[in-house]
Amino acid sequence: MADPQQRIAEFIAPFRVKPGSKVTLAHDFDPSFKAGVNKKKRGVELLAEGVRLLSEYQARLAAQDTWGVLVILQAMDAAGKDGTIRHVMSGVNPQGVAVHSFKVPSAEELDHDYLWRYARHLPQRGQIGIFNRSHYEEVLVVRVHPENLERQKLPSDGDVWQRRYREINDWERYLSDNGFRVVKLFLNLSKEEQRCRLLRRIDLPEHNWKFSSADLRERQRWDDYQKAISQCLSHTSSEWAPWYVIPADRKWFARIGAAAVIVNALMELDPRFPALDDDQRKELLDVKALLEAEAPKGAAPDPFEEEQKLAKATAS
């Protein structure tokens, strides 16, 4: 039987954009694909296991304090980015995760290079950072709406998109070389499913706040976005930071897919709890002896140790 890491790697393999390949999103990736997980109940079980593994590996990541992980989350409107973050990260220590959403750039941000505002929010070592939308807006939204490019006050145009693909690839390689794993997820939603979700936001009063007329305006540019996304995936899926296109027509499956890709990245890093050397171990045992000597009369010198012994005896 395959080990957990191998099973996860095989599960996410169909989502990976092969570096150097030419992608046509609508042709190459099915938003309704379920990878053999045909029942939502089974999906809930798999997500729970993914959350458990993510919690375990996040604790190791924080303790080792060598690697950092940056999760990039891109999608069309209503694809479920917020829900994916909420469910997938539900079991992790909040102190070890930072989520950043990027809106319309401010005047200060426009006075810097386009990567500046993203670099300011990179995770620390031992931390998982999540970009809810990211520097990829600079080759997606800005490409579909070139008037935004004019606001960036570039000295010259040239082939700006090819240049940006190269710059982004170089930046992500720099991060990778310096111990920061870049995990890139695109939640792939069909146009019909987006229509249904936008209508749901209108029909349910408690969801009205989620709807914006801008969502409808962006939907009218669907084909332009599909083309921009396809070109982005083709040019920026690299060996050091490949894209994973997650089927998102079923929210529960999108959450499984996202969790699996993040867990796989952490497993590949394989962070470990730091080991003590002989001197540190001796110091620890000396402190243990002092604490045990303080035990009140009738109390176990080390209650935790006693519990462990009892649990082991009960199990056997």
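This is a predicted model: local features need pLDDT of at least 70, side-chain atom pairs count only at pLDDT 80 or more; totals for chains, interfaces and linings use all residues.
A second salt bridge joins Lys-288 and Asp-302, with 2.5 Å between the closest N and O atoms. Lys-288 belongs to helix α14 (residues 278-293) and Asp-302 to the loop between α14 and α15 (303-315), so this pair ties together parts that are 14 residues apart in sequence. Salt bridges that share partners also join Glu-49, Arg-52, Glu-56, Arg-60, Asp-270 and Arg-272 into one network, and the count of salt bridges comes to 23.

Strand β1 (residues 68-75) is largely enclosed by the rest of the structure, because eight of its eight residues are buried. Both of its faces are covered, with Gly-68, Leu-70, Ile-72 and Gln-74 buried on one side and Val-69, Val-71, Leu-73 and Ala-75 buried on the other. The strand pairs in the parallel sense with β4 (residues 180-188) over eight bridges, Leu-70 standing opposite Val-182, and in the parallel sense with β3 (residues 128-132) over five bridges, where Asn-132 is the bridge partner of Leu-73.

Asp-77 forms a salt bridge with Arg-133, the closest N and O atoms lying 2.8 Å apart. This pair links distant parts of the chain, 56 residues apart, with Asp-77 in the loop between β1 and α4 (81-88) and Arg-133 in the loop between β3 and α7 (141-144). Asp-77 counts as buried at 17% relative accessibility, and Arg-133 counts as buried at 19%.

Terms used. Residues are numbered from 1 along each chain as its sequence is written. Side-chain values use heavy atoms; hydrogens and water are left out. Buried means under 20% relative accessible area, exposed over 50%, partly exposed in between (1.4 Å probe, protein chains only). Helices (H or I, at least four residues) and strands (E, at least two) are DSSP runs, numbered from the N terminus. Two strands pair if DSSP finds at least two bridges between them. A salt bridge is a side-chain nitrogen of Lys or Arg within 4 Å of a carboxyl oxygen of Asp or Glu.
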